[in-house]
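Here's a quick briefing to go with the model you're about to look at.

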Amino acid sequence: MMASEREIFSLSGPLYLTVVDWKDTYHRRSIAASLVQSVYILERDRQQNRQGPNALAPPWWEFFHFRLIQVLVDNEDQSYFGAIYEYKFPNSHFHGKTMNGIQNQNPPKYVIAFRGTIAKKGNRSQDFKLDLGLIRNNLHNSSRFHIGLQAIQNIVQNHGVSDIWLTGHSLGSSIALHIGRDMVKMGIHLETYLFNPPFTSLPIEKIIKNDKLKHGIRFAHSVLTAGLANAVNIHRPKPPHKNDAFALLSAWVPYLFVNPSDPICAEYIGYFEHREKMVAIGAGEIGRIATQNSIRSIIANATGKDQSVPSHLLPSAFVTINLSPSPDFKRAHGIHQWWKPDLQCNYKLYQFR
């Protein structure tokens with residue numbers, strides 16, 4: 001089977017990044033996305049038995065002076081769903097302009113990347129099963145989550161916390177988000193890049209264009225969610241330290257990359273904008289309660305099934321919105337958009353306080 005152009009780094013990769021300014025968030029975003037792409041291609045290499053000089057994945061990390069040190073394998077179907085990379089090139093002292101006032105940093109010592117769903121034979125069964133688990137808010141019970149969490153904990157234990165990146169796309173972004181939240185509970189804030197993370201509710205941002213109608217629907221949903229949460233808590237005590245945990249999580253600020261034309265992740269745009277509007281109209285307390293809950297998680301907690309939190313729960317984020325035209329779903333949701341040199345974006349920091 002012939003490889004697609006998108007798999008070949010020399011045809012589709014960010015070749016223009018011959019000199020990397022590690023203080024530039026555009027460069028950092030492009031490299032994080034490229035390493036996620038390499039995981040997709042690692043799995044395609046495995047399926048098609050492309051080895052040695054025929055393997056297409058290595059250029060996607062070698063171009064940026066990383067080496068592959070571990071592949072993460074799904075216990076169910078033996079597919080490659082993640083990878084760990086180590087940076088091996090001497091630190092560059094190139095100093096260029098920074099974007100958005102972000103003043104970090106050095107190259108990461110390690111990057112842990114997770115791919116999303118592959119809707120092809122050999123992957124679709126297990127990947128779609130995990131997609132369904134995400135919708136049902138039990139992705140944290142999957143083997144991929146536990147394997148990924150253990151791998152990151154091992155790196156932190158053996159090498160320390162500094163300069164570790166966590167990144168993923170689509171389903172892999174949800175895995176990274178769940179792991180990042182668990183690491184925060186341990187007092188560890190990983191620099192995290194989440195590309196097109198699924199938001200498990202109706203994509204109001206995508207299907208409704210009228211701003212007043214969108215705000216009205218979200219306001220009604222927030223009131224309903226907050227009311228249910230308060231009603232349940234009258235009869236059932238909150239999990240211990242839930243509010244403390246949420247406040248602790250709010251100090252973690254991952255980088256979130258969304259496309260308004262992508263129904264899978266577009267609702268994150270409204271999720272953060274709506275919180276600000278609720279504060280502006282004096283309904284901040286309702287917004288705060290609604291942010292920490294979902295109707296699904298409230299029902300689960302009330303029936304004693306699981307002390308769960310919404311899968312999309314993210315108090316704070318540095319949000320990048322791709323405003324460039326996306327003519328179809330594949331391009332709106334794909335990882336390739338995030339290293340395009342002519343990308344038009346809006347950037348905003350949302351910090352929950």
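**Around Cys 265**

Cys 265 sits in the loop that connects β6 (255-258) to α10 (267-280); helices (H or I, at least four residues) and strands (E, at least two) are DSSP runs, numbered from the N terminus. Bear in mind that this is a predicted model, where local features need pLDDT of at least 70, side-chain atom pairs count only at pLDDT 80 or more, and totals for chains, interfaces and linings use all residues. Residues are numbered from 1 along each chain as its sequence is written, and side-chain values use heavy atoms, with hydrogens and water left out.

- Cys 265 counts as buried because its relative accessibility is 0%; buried means under 20% relative accessible area, exposed over 50%, and partly exposed in between (1.4 Å probe, protein chains only).
- Setting aside residues up to four places away in sequence, Cys 265 touches Asn 196, Pro 197, Val 258 and Asn 259, where contact means heavy atoms within 4.5 Å.
- Pro 198 is 67 residues from Cys 265 in sequence, yet their C-alpha atoms are 4.8 Å apart.

**Strand β6 and its partners**

- Strand β5 (residues 191-195) pairs with β6 in the parallel sense over three bridges; two strands pair if DSSP finds at least two bridges between them.
- β6 also runs parallel to strand β7 (residues 317-322), joined by four bridges.
- Leu 256 has a bridge partner on each of these strands: Leu 194 and, in β7, Val 319.

**Nonpolar cores**

- The largest nonpolar core has 45 residues, and those with the most contacts inside it are Phe 114, Ile 179, Leu 256, Tyr 268, Phe 272 and Leu 314. Such a core is a set of buried Ala, Val, Leu, Ile, Met, Phe, Trp, Tyr and Cys residues joined through side-chain atoms within 4.5 Å.
- Helix α6 (residues 171-185) gives this core its largest share, seven residues.
- A second, separate core of 36 residues includes Phe 9, Trp 61, Ile 118 and Phe 257.
- Beyond its neighbours within four places in sequence, Leu 256 is in contact with residues including Leu 194, Pro 197, Tyr 268, Phe 272 and Leu 314.

**Salt bridges**

- The count comes to eleven salt bridges, each being a side-chain nitrogen of Lys or Arg within 4 Å of a carboxyl oxygen of Asp or Glu.
- Glu 7 bridges to Arg 44, with the closest N and O atoms 3.8 Å apart. Glu 7 lies in the segment before α1 (9-12) and Arg 44 in helix α2 (residues 25-47), so the pair ties together parts 37 residues apart in sequence.
- Glu 7 is buried at 8% relative accessible area, and Arg 44 is buried at 12%.
- Glu 86 and Arg 67 meet in a salt bridge at 2.8 Å, N to O. Glu 86 is in strand β2 (residues 80-87) and Arg 67 in strand β1 (residues 66-73), so this pair ties together parts 19 residues apart in sequence.
- Glu 86 is buried at 13%, whereas Arg 67 is partly exposed at 40%.
- Arg 115 pairs with Asp 127, the closest N and O atoms being 2.8 Å apart, and both residues are buried.
- Through shared partners, salt bridges join Glu 7, Arg 44, Asp 45 and Arg 50 into one network.

**Aromatic pairs**

- The structure holds 23 aromatic pairs. Rings of Phe, Tyr and Trp (its six-membered ring) pair if their centres lie within 6.5 Å; planes under 30 degrees apart count as stacked, over 60 as edge-to-face and the rest as tilted.
- Trp 165 and Tyr 193 make a tilted pair, 4.8 Å centre to centre with 45 degrees between the planes.
- Trp 165 counts as buried at 1% relative accessibility, as does Tyr 193 at 2%.
- Phe 199 and Tyr 268 form an edge-to-face pair, 4.9 Å centre to centre and 90 degrees between the planes, and both are buried.
- Ring pairs link a cluster whose members include Trp 22, Phe 66, Trp 165, Tyr 193, Tyr 255 and Phe 257.
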